[in-house]
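Keep the viewer open as you read.

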Amino acid sequence: MASLPNTFDRPVHIAVIGGTGLSQIEGFVPVAALNPDTPWGKPSAPILIVEHNNTPIAFLARHGKYHQYAPHEIPARANMAALRAIGVRSVIAFSAVGSLREEIKPMDFVLPDQIIDRTKGIRPFTYFEGGLVSHVGFGDPFDSKLAAIVQNCAAAMEGDGVTLHSGGTVICMEGPAFSTRAESNMYRSWGGSIINMSALPEAKLAREAELAYQMICMATDYDSWHATEDVNVAMVMKYMSSNIVNAKRLIGAVLDELTKQDNTDVVLAKHWEGFSTGALLFCTKPEGRNPEAVKNVEYLFPGFFSSQAAP
């Protein structure tokens, strides 16, 4: 990456968040590595820009280039802000997960449509604070339009019994330790389908930044509830290594679809425009807005407040 240019003069509308291996797909040519400063710091790793079908696509390693960030240390606000700043409006996020359901087997993929938050308030989780308040709707935390495109690409995966499950609730726990057996069974009783440590605050920040966001989850284990071996790092890494081939096949097929002209409105997240900024106008009155908070939000939405003040 050191030899790649650190600037790129075209907007990048699509991003993939996951491990560094996902960016190494045949037919995807690296053209730049961007490391922008944001009001919330730098992203967890330089953003790799690749070209595919004459379309630039951003890849970001969530846990850092060397997996040096624990889940609660990921600079999620900087990550999502940096992606939006370079033009990204649609995000496909990969995550390894534990399965809370017998029918979701290790090596299966899941497209969740709901989240239960079991983080503990340690992670910075909003852009709207410090003198500028907005309450953003989060009833459906993932993007159904992106999910439909991903679901239609399931045939790209290969292997006996490989399944892409549509829908399900992801439990986002604090980590970095795995669940106790009692916790795992409690999450099952709540209706949880899968469990990870990375869905939040990433999905909430994407919504605040008016980004279309869909997570693709790769099951690596049965968490702690199952009669089989308890989850451990070796087990997770074993199944992640086995899953990476299908993950690449799936993301390659999804990106092929997203780069088609027919999906332009979805990619540009036209259906989320104004969702977050509209709420900003009705919460904190102009007299109470902290100039620093306003400046931070205008990094996400350049000129938003000045345009509202215009006659």
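**A guided tour**

A salt bridge here is a side-chain nitrogen of Lys or Arg within 4 Å of a carboxyl oxygen of Asp or Glu. Before going on, some ground rules: this is a predicted model, where local features need pLDDT of at least 70 and side-chain atom pairs count only at pLDDT 80 or more, while totals for chains, interfaces and linings use all residues. Residues are numbered from 1 along each chain as its sequence is written, and side-chain values use heavy atoms, with hydrogens and water left out.

Back to that pair. E257 is partly exposed at 27% relative accessible area, and K260 is partly exposed too, at 42%. The cut-offs are these: buried is under 20% relative accessible area, exposed is over 50%, and partly exposed is in between (1.4 Å probe, protein chains only). Another salt bridge joins E273 to K270, at 3.5 Å between the closest N and O atoms. In that one, E273 is exposed at 51% and K270 is partly exposed at 42%.

Now, what about R123 and E174: buried or exposed? R123 has a relative accessible area of 5%, so it counts as buried, and E174 is buried at 5% as well. Their side chains meet in a salt bridge of 3.0 Å, N to O. This pair links distant parts of the chain, 51 residues apart: R123 sits in the loop between β7 (114–118) and α2 (144–151), and E174 in the loop between β9 (169–173) and α3 (181–189). Those helix and strand labels are DSSP runs numbered from the N terminus, with helices being H or I of at least four residues and strands being E of at least two. The salt-bridge count comes to 10.

Next, turn to strand β1 (residues 14–18), where 5 of 5 residues are buried. I14, V16 and G18 point one way, A15 and I17 the other. The strand runs parallel to β4 (residues 55–61), with 5 bridges between them, and G18 has A61 as its bridge partner. It is also parallel to β5 (residues 90–99), over 4 bridges, with I14 standing opposite S90. Strands count as paired if DSSP finds at least two bridges between them.

What about the nonpolar cores? Each is a set of buried Ala, Val, Leu, Ile, Met, Phe, Trp, Tyr and Cys residues joined through side-chain atoms within 4.5 Å. The largest has 52 residues, and those with the most contacts inside it are A58, M80, Y127 and Y213. Helix α1 (residues 76–85) gives the largest share of this core, 6 residues. A second, separate core of 33 residues includes I14, V16, L48 and A269. M80 touches, among others, I17, V91, Y127 and Y213, leaving aside residues up to four places away in sequence; contact means heavy atoms within 4.5 Å.

Finish at helix α8 (residues 291–300), where A293, V294, N296, V297 and L300 are buried. Seen down the axis, these buried residues fall within an arc of 160°, so they line one face of the helix; the arc is taken from the directions from the helix axis to the C-beta atoms. Exposed P291 and K295 are on the face turned away from that buried side.
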